[in-house]
Amino acid sequence: PYSGAGEGPPKAAVDYLLGAAVQKRIGSAPETLRRDPPPELLIGNPTLTLMVLNALRTKHRYSVATLSFDAGDIDAQAFNAGDPVSRRQIGQTLNLFFESAYCGIPPAARLHPLVGTHTHTGRLEVNILMPRAVWRATASIASHNPHPPMQIQQKLWHHYLDTINGRFDWADPMAHDRRQLIKLPDWLTKMRREAERQGLLLPATGPEQVAALAKELWAKGNVPDREALINFMALGLGELGVRVHKVNDKSVRFESIKTGEHFRVGGLLFSN
């Protein structure tokens with residue numbers, strides 16, 4: 001979702017990608033978090049990338065992608081120590097990523113990306129920042145979105161995912177047996193994990209209270225489908241001051257009766 005549109009100067013994105021310390025909001029206050037081990041620059045030149053991004057005059061100046069690896073597939077500690085096997089696999093994964101992102105665009109027309117790692121969580125994450133532009137043959141700049149909202153592009157990235165996971169026998173995130181019973185908003189999941197790493201105790205949020213209620217009812221059995229689950233939850237939701245706002249195929253949107261604030265809860269239990 002990040003593209004540089006209304007998100008401050010591009011330097012903030014580059015700093016977040018490669019910074020050994022970053023500010024994150026945990027609970028009600030921002031915290032300075034130190035990444036140990038610090039990020040490693042794999043590809044690119046941060047100074048050059050910033051010059052390019054600052055020169056672009058388009059609304060959306062960059063695209064950001066994260067390749068996140070299961071701890072059982074890539075040993076983050078071994079990767080940081082220079083393990084040749086995992087480094088070669090990541091190199092091949094990135095090569096195919098860029099051929100997919102710049103499909104049909106000759107290499108000489110591509111603006112150089114910035115690629116770095118995050119391993120402080122115990123897993124390998126490879127973060128990619130790409131200028132949303134390419135060179136025309138006339139030496140002028142053309143806008144380029146590597147992930148436009150088109151069905152054919154979605155299929156391309158799904159094929160990429162299947163190809164890479166099949167080639168290296170890595171965990172398939174779309175496998176049915178890996179589906180989460182309940183999926184909380186990404187920002188909340190990240191905040192909770194960061195708080196745990198920092199040893200901070202945070203009160204349960206609205207989405208987490210709803211999730212706990214659903215898990216408790218599901219564990220008792222006799223919940224044949226989502227409609228029954230929502231009916232069983234009605235009394236508990238009232239006590240939490242929450243009501244169902246909207247239901248779609250993959251999730252349920254809830255609303256705080258007091259504040260009107262909305263939040264979405266997904267996962268297997270809240271899908272159709």
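Is the crossing of α4 and α5 right-handed or left-handed? In this predicted model, the crossing of these two helices is right-handed, a term used when the near helix is turned clockwise from the far one by less than a right angle. Local features rest on pLDDT of at least 70 and side-chain atom pairs on pLDDT 80 or more. Residues are numbered from 1 along each chain as its sequence is written, and side-chain values use heavy atoms, with hydrogens and water left out.

**View 1. Packing of helices α4 and α5.** Helix α4 (residues 84-101) packs on helix α5 (residues 151-168) at an angle of about 165°, and their axes lie 11 Å apart. The two helices therefore count as roughly antiparallel, the word for angles over 145 degrees. On the α4 side, the contact (heavy atoms within 4.5 Å) includes Gln92, Leu96 and Phe97, which meet a set of α5 residues including Leu156, Trp157 and Tyr160. The residues of this contact comprise eight nonpolar, six polar and no charged.

View 2. The peptide bond from Asp36 to Pro37 is cis, with omega near 5°, and Pro37 belongs to the loop between β2 (29-34) and β3 (41-43).

**View 3. Positive phi at Asp169.** Although Asp169 is not a glycine, its phi is positive, at about 55°. Asp169 sits in the loop between α5 and α6 (186-197) and is exposed, with a relative accessible area of 67%, where exposed means over 50%.

**View 4. Positive phi at Asn222.** Asn222, likewise not a glycine, has a positive phi of about 60°. Asn222 is found in the loop between α7 (206-219) and α8 (226-240), and its relative accessibility of 67% makes it exposed.

Key: Axes fitted to C-alpha atoms, helices over the stretch in contact; angles between N-to-C directions. Helix = DSSP H or I, 4+ residues; strand = E, 2+ residues; numbered from the N terminus. Parallel < 35°, antiparallel > 145°, perpendicular 65-115°, else oblique. Nonpolar A, V, L, I, M, F, W, Y, C, P; charged D, E, K, R; others polar. Buried < 20%, exposed > 50% of the residue type's maximum accessible area, 1.4 Å probe, protein only.
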